Each structure stands twice: as C-alpha cells, then as structure tokens.
Amino acid sequence: MVKFSKQFESQLVPEWKEAFVDYWQLKKDVKRMCLFNANNELDNSKPQLAYARRLVSELRKLHLFGLDRHKEHEAIQVHKKLTGSESRDVMYETELLEQFAVTDAAREFFARLDLQLNKVNKFYSAKEKEFLERGESLKKQIQILLELKAALKNQRRRISSSNDAMDDSSISCSISCEEESTRGAIVEEEQDQPQEILSSASERSEFRCSDSGDLAKSQLEEVKLRSLPAGVFSCHGKNLKIKIPLTTPSRTFSALAHLFMEDFGGSQTRRCGPHKLNINKTKLHHAEKMIKGASIELYKGLNYLKSYQTLNMLAFAKILKKFDKVTGKQVLNIYLKVVESSYFNTSDMAIKLIDEVEELFTKHFSDDNKPKAMKYLKPYQREESHTVTFFIGLFTGCWIALFIGYCIMAHIAGMYAGQSDTIYMETVYPVLSMFSLLFLHLFLYGCNVFMWRKTRINYTFIFEFAPTKELKYRDVFLICATSMAVTVAAMFAHLSLITKGYSSTQIQAVPGFLLLMFLIVLFFPFNIIYKSSRYCFLRVIRNIILSPLYKVVMVDFFMADQLCSQVPLLRNMEYVACYYITGSYKTQDYGLCIRSKHYRDLSYAVSFLPYYWRAMQCARRWFDEGETNHLINMGKYVSAMLAAGAKVAYEKEKSVGWLVIVVLISSAATVYQLYWDFVKDWGLLQFNSNNPWLRNELILRCKFVYYLSMALNFVLRLAWLQTVLHYNLGSLDYRVTSFFLAALEVIRRGHWNFYRLENEHLNNAGKFRAVKTVPLPFHEVDED
C-alpha cells in the first residue's frame with residue numbers, strides 16, 4: 001500500500017506545493033513527540049516517579065479544583081479570531097488545556113498546525129477570488145460575443161434579402177442602442193489545439209456598442225500589451241476594443257504598416273454614424289477561439305482548486321490521526337470539526353463555477369454535445385504501455401550490436417585513421433555524424449523529460465504542450481532507439497558493400513536515401529508515427545525561421561537555443577544537400593561544393609543563423625513585453641554570431657591576424673555566455689542566498705550537484721579552444737575529433753536544459769501560476 005505522503009506529493013499541484021499543508025514537517029513534529037513519550041516511559045519505570053504522577057493525575061480528576069465537566073474530556077480548544085469584515089478572514093489559534101501533557105513539542109505541533117490551517121484558508125480565498133473574477137469576465141465576454149454574432153447574422157439576412165453585394169472578409173452592420181439584440185450563436189469549426197491562440201501582444205480594432213454590465217479588465221500578469229492606434233466607433237455609452245494577438249506574420253505586418261501610416265502618413269480614421277459598427281469577421285472568429293481557450297484554462301484552474309481542497313482536508317485528517325495514535329489523546333474529532341467548518345472546506349463557489357463553465361462551454365462551443373466538450377475540458381491522458389518499453393529494449397540492443405560491428409569493420413578498413421579513405425570521409429561521414437548528433441540530442445531530451453517528471457517540474461505547462469499529445473520519455477527513447485537502429489543498419493550495409501569492392505553510383509546514394517527516408521517520415525501527412533509531435537516540431541521550426549514575425553513563446557526560444565548547439569549538424573546538412581542536389585555523388589566529385597564560392601558564402605550564414613534567429617526572438621520579446629533584459633540577452637547572441645563568423649573566416653584564411661581575432665571575440669562571448677547561464681538561466685551565483693552561491697530554492701537535494709554542474713558547464717564552454725589548438729585524438733581523422741567536440745557541446749546543452757527548466761518552474765511556483773493567464777479579446781476603455 002502506498003504511503004499517504006507519497007500519494008499526497010504525487011497528486012498535489014507542483015506550482016502550489018508551498019501553499020499545501022506542510023505534511024512532512026508535521027510528521028517530523030509527531031515523531032519528536034513519539035521520542036518524548038518514549039523517554040517518559042523510561043522515567044516512569046522508576047517507582048517513586050510513577051507513584052507521584054499517578055497521584056497528580058487523580059487529583060486533577062477531582063471537581064474540587066473547579067474544572068468544567070465539558071472540558072474534562074477535552075485536551076485542546078481552538079479559538080477563532082476575525083481579522084476582517086468577511087467570514088473568510090478568520091485566524092485559528094489552539095489552546096492546550098490542563099488535561100493535556102503540555103510539552104514544547106506539543107506546543108510547536110499545534111502552533112504549526114494552526115499556521116498551516118490559516119495558510120490554506122488564505123491561499124484558497126485568494127485563488128477563489130481570482131478565479132471568480134476571471135469567471136465573471138468570461139461570462140461577459142461570451143455575452144458580447146453572442147450579441148456581435150447575432151448582429152452579424154441579422155445583418156447578413158437583411159443584405160441577402162436586398163440582394164446587395166457583400167465582402168465576406170469584412171461586414172458592416174448596425175446595432176440599435178434602444179432595441180434588444182437577438183442572442184444567437186454561430187458555432188465555428190473546432191480547433192485541435194486552442195492553445196495556439198493564447199499569446200500576449202495585441203492588434204486592436206475599437207468599436208462601441210451597448211452592454212448590460214461593466215466589463216471587468218482582464219488581469220494580464222505574464223504580458224504587457226503594447227497599444228496600437230485605432231479609430232473609435234460611437235454607440236450609446238460603452239467603449240470596447242477587440243484585441244487580437246499578433247501571432248502570425250500577416251498580423252504583424254498589418255500592425256507595423258498601421259503604425260507607419262500613423263507616424264508618417266498621417267492618421268486616417270474611419271468615420272461612421274453613431275449607430276454604425278464595422279466588424280471584421282476574421283477577428284471575431286479569433287476572438288471566439290480566445291474565449292474558448294480562456295474557458296479551458298479557467299476550468300483547469302478550478303479543478304486544481306477543487307483538488308487543493310480535497311487533498312488538504314485529507315492531510316489534516318491523516319496527521320491528526322497520527323497524533324492521536326502517538327500521544328493517546330483524542331484531538332482528532334475536536335480539531336477536525338474546526339477544519340471542516342473552515343472557509344476552504346465550506347465554500348462551494350468554485351464548485352458552482354465549475355458547473356457553470358462546463359455548461360457554457362458545452363452550449364456555445366460544442367453544439368450542446370457534452371462528450372465533445374469534455375474532450376477539451378478534461379482531455380484523456382494516454383496510458384503508458386509496456387509494449388513501448390519492450391521495443392525500446394529490442395531496438396537498443398539491435399543498434400548497439402550493429403554499431404559494434406560497424407566499428408570493428410571501420411577499424412579493419414582504416415576508415416577513421418589519419419590516412420583514411422578521403423571519399424568515404426567526405427561523402428558518407430557527414431550523414432552519419434549528422435544523424436548521430438541529432439539523435440544524441442533527442443536522447444538527452446528524453447533524459448531531461450525523465451528527470452523533469454521525477455522532480456515534478458511541470459514542463460508541459462511551461463512549454464504549453466497539449467496534455468494528450470506531448471511525448472513521454474519512453475516515446476522519446478523509442479524514437480531514438482528505432483532511428484539509430486535504422487541509421488546504423490544502413491551505414492553497416494553501406495560499409496560492407498564498400499569493403500567488398502563495390503563502388504557504383506547506387507552504393508554512394510545509400511546515405512542520400514537514408515536522409516530522404518527520414519524527411520518523408522517527418523512530413524508524412526497521415527496520423528501515424530507521432531503526427532502531432534512531428535507537426536508541432538515543424539511549426540516551431542517555422543516560427544524560428546520566420547523570427548521575429550511570429551509571437552515568441554517558451555518552446556520557440558527553447559528550440560532555438562538547441563539549434564545554437566547544432567551548428568556542426570547544420571553545416572553537415574548544408575554539405576550533404578549540396579552533394580546530392582548537384583549530382584556530385586554520381587561522379588564522386590566531393591570537392592565541387594567546397595570549391596563553389598556560393599557554398600563558402602552560405603557556410604558563413606549557416607554558422608550564425610541560429611544565433612541570428614535567437615537574437616531576433618529576443619528583439620520580438622522586447623517589443624512585446626518592453627523588458628530591457630531581452631535586449632541584454634540579444635547582445636549575448638550577437639557576440640556568439642561574431643565569434644562563429646570569426647571561426648569560419650579563420651578556417652578559410654589560417655592567418656595569425658584571424659587567430660587573434662578568434663581568441664579575443666570567443667573569449668568575450670564565452671564570459672558573456674557563462675554569466676547568462678549561471679545568473680539568468682540557472683538563477684545561481686546569488687551571494688545573499690541561504691545556499692552559498694546558489695538560489696534560495698533548489699529542486700535537487702544534493703547541493704554538490706549544482707557546483708559540479710557549474711564546473712562542467714564552464715569546461716564544456718571552452719570547447720572552442722580546439723579551433724586554436726588543433727589537438728587530435730591519436731591517429732584519428734580531424735573530422736572525428738570535430739565530431740567529438742560537437743557531441744560535447746550537445747551534451748552541455750542537454751545538461752543546461754534541466755537547470756533552465758528548473759529555474760523557469762521555480763519562477764512559476766514562486767508566483768503560484770499553475771494555469772495560463774489568457775488575454776481576452778473584448779476590453780472596455782474610458783471615454784476621453
């Protein structure tokens with residue numbers, strides 16, 4: 001049977017861990033009392049002390065001392081103190097009565113128990129208030145959406161009846177301020193991932209129309225919306241704005257064009273009558289998706305709050321039961337009645353709001369189809385299968401056996417020696433090293449997922465992954481094992497044919513077919529082989545390449561950081577693409593691409609493109625959020641771009657001047673990067689911390705691991721010195737040495753990923769952010 005402490009820890013909300021009952025500390029207090037009672041039993045074994053304590057106990061039972069009959073059977077009494085005008089503002093304090101064997105351990109236990117009860121009530125009250133406000137805002141957003149959709153529907157009927165031409169992309173409609181609009185809903189096509197529209201920066205189109213109540217301002221804790229100038233439309237008393245996120249290039253370009261026209265072309269405001277309203281149909285559709293996403297997040301948060309209520313109630317009952325068992329006192333019923341009557345257990349407003357949100361979502365976003373609505377509100381969690389574990393072991397054994405055979409055959413043929421086969425090393429080895437670096441990175445990601453889950457770092461929330469589609473660590477390991485088995489099998493077969501004397505064009509095309517097969521699987525349109533994850537990867541790569549046109553979220557700049565460590569892979573990919581696209585594999589002219597001036601120029605771009613993309617993401621985040629830290633972070637990637645360009649130039653020129661430039665620029669960039677790794681990304685090197693040189697809160701219990709990680713990161717950051725020293729491992733080819741250095745950088749990045757997410761998780765946990773704060777589309781503005 002699983003212990004309650006482990007069950008409690010596995011079910012609590014990770015970001016709210018500090019707000020839950022500190023069950024583990026209370027258990028320590030109970031153990032202290034157990035040791036105290038054991039010492040008392042040793043003292044009571046002495047006849048004189050035992051007789052004296054029995055005499056005092058009998059005297060206390062006499063009514064001559066004026067003890068109350070009701071208090072005779074009670075060991076404690078809990079007092080309530082009002083600290084505010086509301087019923088939720090209550091503080092609890094426990095008094096130990098004379099019948100209780102008063103000890104320091106007992107006082108500390110009940111003082112901590114009162115503290116935990118007060119903490120739970122305060123947190124529950126604050127979160128309940130927050131979710132209720134979000135619920136009210138959401139109801140009003142749905143109200144406005146229905147009125148606008150009904151107005152559009154009525155206007156389309158009028159126009160269709162008069163047979164007037166109408167543009168589908170923008171509809172002009174009239175809303176009378178005196179008449180009551182018919183409330184109807186046009187259900188739009190359901191989206192698979194509503195989270196895609198949850199972002200921060202906004203594009204504004206303003207209008208005014210009647211509203212029955214005041215629209216509460218949405219609380220945007222995570223973002224600072226930049227305002228864009230727009231025209232104001234008048235209609236009876238209330239000002240409203242439609243805010244649509246700038247998540248696509250088209251919206252970004254239109255917003256920038258609008259700003260340009262405002263600044264340089266003069267403001268051109270649209271004019272309309274007092275009852276005229278111009279609504280963009282596309283924006284209204286996006287507004288509906290935003291409200292849908294906000295409903296899902298609110299429902300998730302309310303269920304977290306419900307779980308918070310249940311788990312804390314169970315924790316109080318369990319710890320009081322342990323206390324009664326150890327001390328022999330009957331305090332469970334007394335204190336548990338107080339807990340049951342406290343605010344966090346008696347308030348049912350959050351429970352009612354859960355039902356309301358569920359009803360609204362089913363009615364307005366799911367065609368009154370309850371099962372369909374629950375697929376969004378409570379997505380089904382995939383169960384992990386033992387079949388996956390079996391195939392991981394099978395394919396891992398296959399690729400290890402094939403790799404050992406490949407290494408033996410390559411050693412016998414002398415493929416990787418200093419006097420190696422030049423054609424093989426220039427044509428086949430780039431493909432092998434490219435796949436090896438890619439799958440090594442993927443394997444390290446699987447290790448990170450395993451550690452994030454083990455340490456309860458909520459990476460799915462940080463990356464905003466769909467809970468039903470995110471890859472588990474077993475899935476990642478299966479992909480790695482299968483891919484490596486296929487890759488090594490192809491390379492083993494290719495090397496076997498070469499050693500037997502085959503040298504035809506078809507044999508040289510084997511690595512190209514291997515690359516083509518992986519590209520086909522990556523873009524495979526059917527819903528097999530992890531389609532959602534593959535398309536998510538492609539979407540993230542698209543967002544990175546088109547930076548800064550797309551809104552930057554955590555998964556985007558996290559993936560861009562991974563690309564910064566895969567510059568050798570990108571350069572190998574460039575060469576392989578040139579080798580097969582130009583048809584050089586037919587003539588085995590491997591130097592054709594290297595001699596091309598366009599190829600050499602492109603190698604410069606490939607070397608610093610990942611840093612450029614990351615710098616553009618920092619610029620976009622600065623534009624959206626207005627924080628100067630993003631500009632400072634952009635400087636780090638600019639320095640890395642300069643260092644990468646200097647290295648490529650030195651490889652080409654091999655002069656002393658370029659060597660000095662490489663050393664100076666790379667040293668400055670390394671210092672910059674190390675500071676950002678330790679201080680910003682990992683949150684370490686805090687001199688005033690409770691943990692020397694570390695942050696106040698740590699996920700791992702062993703502090704030595706953090707110091708070792710900092711030292712390892714420092715050493716691996718200096719791998720660029722190989723560019724200067726040109727040290728080779730024995731008689732190995734220099735390309736093999738370069739591969740080992742590239743692998744060390746990938747290992748450093750995988751090592752960095754864990755601490756990066758740990759710091760991100762602690763920032764969320766410090767602000768108790770367990771659900772996303774979704775920007776809502778309709779906002780009230782004051783009249784000027």
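**Surface patches and aromatic pairs**

Reply: Let me start with K325, which counts as exposed because its relative accessibility is 75%; please keep in mind throughout that this is a predicted model.

Me: Which helix does K325 lie in?

Reply: K325 lies in helix 7, and K325 also belongs to a patch of positive charge on the surface, where it gathers with K3, K6, K28, K31, K318, K321, K322 and R701.

Me: Which helix gives the largest share of the positive patch?

Reply: That is helix 7, with 4 residues, although helix 2 (23–44) and helix 7 (281–327) each supply at least two residues of the positive patch.

Me: OK, and which residues form the nonpolar patch on the surface?

Reply: The nonpolar patch is formed by V486, M517, V521, F526, I528 and I529, which together have about 500 Å² of accessible area. One of them, V521, lies in helix 18 (residues 510–522) and counts as partly exposed because its relative accessibility is 32%.

Me: Switching to aromatics, how many aromatic pairs does a search of the whole structure find?

Reply: The search finds 43 aromatic pairs. Among them is the pair of Y124 and Y343, which is edge-to-face, with 6.3 Å centre to centre and 70° between the planes.

Me: Why does that pair tie together parts that are 219 residues apart in sequence?

Reply: Because Y124 lies in helix 5 (residues 104–161) whereas Y343 lies in helix 9 (residues 343–346), the pair ties together parts with that separation in sequence.

Me: Are Y124 and Y343 buried or exposed?

Reply: Y124 is buried, and Y343 is buried as well.

Me: And what kind of aromatic pair do F316 and F344 form?

Reply: F316 and F344 form a tilted pair, with 6.4 Å centre to centre and 45° between the planes. Since F316 lies in helix 7 and F344 in helix 9, this pair ties together parts that are 28 residues apart in sequence, and both F316 and F344 are buried.

Me: Which residues form the one aromatic cluster?

Reply: That cluster is formed by F4, F8, W16, F20, Y23, W24, F123, Y304, Y308 and F768.

Me: Last topic: how far apart in space are K647 and L659?

Reply: They are 8.4 Å apart, C-alpha to C-alpha, while being 12 residues apart in sequence. K647 has its place in helix 25 (residues 628–653), and K647 counts as partly exposed because its relative accessibility is 23%.

Key. Residues are numbered from 1 along each chain as its sequence is written. This is a predicted model: local features need pLDDT of at least 70, side-chain atom pairs count only at pLDDT 80 or more; totals for chains, interfaces and linings use all residues. Side-chain values use heavy atoms; hydrogens and water are left out. Patches are made of residues with over 30% relative accessible area and no salt bridge: like charges are joined within 9 Å, nonpolar side chains (Val, Leu, Ile, Met, Phe, Trp, Tyr) within 5 Å. Accessible areas come from the Shrake-Rupley method with a 1.4 Å probe; for residues, only the protein chains shown count as cover. A salt bridge is a side-chain nitrogen of Lys or Arg within 4 Å of a carboxyl oxygen of Asp or Glu. Buried means under 20% relative accessible area, exposed over 50%, partly exposed in between (1.4 Å probe, protein chains only). Lys and Arg count as positive and Asp and Glu as negative; His and the chain ends are not counted. The place of a charge is taken as NZ of Lys, CZ of Arg, CG of Asp or CD of Glu. Rings of Phe, Tyr and Trp (its six-membered ring) pair if their centres lie within 6.5 Å; planes under 30 degrees apart count as stacked, over 60 as edge-to-face and the rest as tilted.
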